[in-house]
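Open the model in your viewer and keep the selection tool at hand. The stops below say what to select and what is there.

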2 protein chains.
Amino acid sequence: MDMYDAMSTLRAVRRIKSDPIDPAVINRILLAATWAPTGGNMQPWRIVAVEDPKIKTELQHLYKPLWDAYTVGYRRKMEAMPADEKASSAGALDAGDYLANNLGSVPLIAVFCFNPSIMAITDKDQPRASVVGGGSVYPAVQNLLLAARNEGLGCVLTTLLCMEEPRVRELLQLPDDWYTAAHVPVGHSVGGGHGPIRRKPVNVMVSQDTWDKAWPTV
Amino acid sequence: MDMYDAMSTLRAVRRIKSDPIDPAVINRILLAATWAPTGGNMQPWRIVAVEDPKIKTELQHLYKPLWDAYTVGYRRKMEAMPADEKASSAGALDAGDYLANNLGSVPLIAVFCFNPSIMAITDKDQPRASVVGGGSVYPAVQNLLLAARNEGLGCVLTTLLCMEEPRVRELLQLPDDWYTAAHVPVGHSVGGGHGPIRRKPVNVMVSQDTWDKAWPTV
């Protein structure tokens, strides 16, 4: 499909059927991930593509309590939202509950791993949260999401399982130096799947030359 | 263009002409960035789109010594590379030198900023470099790179300027809590621009179910 159509309809799809995915399609979305740029072309990431029902169920058991804990704060935040945003957030919460209750039966969970020891993390000495390591991982995640969208598959970028990383690493038998950055369930959507998204406009997201000068959208 | 064609030919283009970019094209690639997913749809990133020659020149003055220092180690690493990889790396170095000497005349530098205080950084307590904040920034960077590719423009994801972040923040007048994640020069390519890329195959980058089981590429 047209790239802009794919990007502008890439929703977080959290209601995913257990139906299997055509193996050739899985290969294409994995291949798309490998094309992503990385610092110094080191490709310091890997995917563990989890299809084994036993491992997926273990991941669900780890994920569910994290999701339930996360939604406590989220529901509180929703109270302050305007009505339309609140309705949309309530929908997202329901879909998230669905995922938390069905993660084990999604056909594929792509667990993105990374090795910081082969990354040049240029912001490691800055006095704030480091993100630059992610610059050699999340472009590959985004390629995989866009490729899944392109193939008509639902998917969503999750990171909550990083809070249980030691247990995930043991489950997937990750070697020393390899950690987890994202867990992407992929499969056919239960409902409409991808579609319209809600984002801030360009003149809010972009400044011209300096922070305070809004971008003059033509 | 076809999404897979765009992804599989998205090279790091470091030789960029000073020719201006059509403003409507710039708007389209900025819009593509805004479509990216972010944690909780918070969109905790912004772009400062730098076109002002004075600011671009200042960025070049900060970038050049960082690049020169970086290449010292890189040239040392190249000694150990096999011949074909060494040749390709030498080409990348030449292109990098070109960028370091011409950053000030590139038509657009998209500086991606982020605010960690509105991010849920789920790996912040893990005993290794944090990356998850990048999960709400680099998908947008990848969208912008792919959109630039789609529009026939050269571009490259750089992060070296994060090492001079305090001075970049001052230059772009970033407010408290906003930091820098990537600096993407964009413009028309001097040479062929995008084209074939060199990446590891799927069965090296992907495991099935657990780390040690290679993915059975069909």
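Start with strand β1 (residues 45–50) of chain B. Six of its six residues are buried, so the strand is largely enclosed by the rest of the structure. Buried means that 20 or more other C-beta atoms, placed from the backbone, lie within 10 Å of the residue's own; 12 or fewer makes it exposed, and anything in between partly exposed. Strands are DSSP runs of E with at least two residues, helices are runs of H or I with at least four, and both are numbered from the N terminus.

A word on the source. This is a predicted model, where local features need pLDDT of at least 70 and side-chain atom pairs count only at pLDDT 80 or more, while totals for chains, interfaces and linings use all residues. Residues are numbered from 1 along each chain as its sequence is written, and chains are lettered from A and ligands numbered from 1 in the order in which they are written.

Pairing requires at least two DSSP bridges between two strands. Strand β2 (residues 108–114) of chain B runs antiparallel to β1(B), joined by six bridges. Pick I47(B): its bridge partner in β2(B) is F112(B). Now cross to chain A.

Inside, β1(A) and β2(A) pair antiparallel over six bridges. V48(A) faces V111(A) there.

Move to helix α2 (residues 23–34) of chain A. Its buried residues include I26(A), I29(A) and L30(A). Which elements cover them? Among them are β1, β2 and α5 (138–150) of chain A, plus α1 (3–7), α7 (202–205) and β5 of chain B.

Finally, show both chains. A rotation of 180° with 0.0 Å of shift along its axis superposes chain A on chain B (RMSD 0.0 Å). That is the relation of a two-fold axis. The superposition is by least squares on C-alpha atoms of residues with pLDDT of at least 70 in both copies. The model scores ipTM 0.97 and pTM 0.97.

Technical notes
Two residues are in contact if their C-beta atoms, placed from the backbone, lie within 7 Å.
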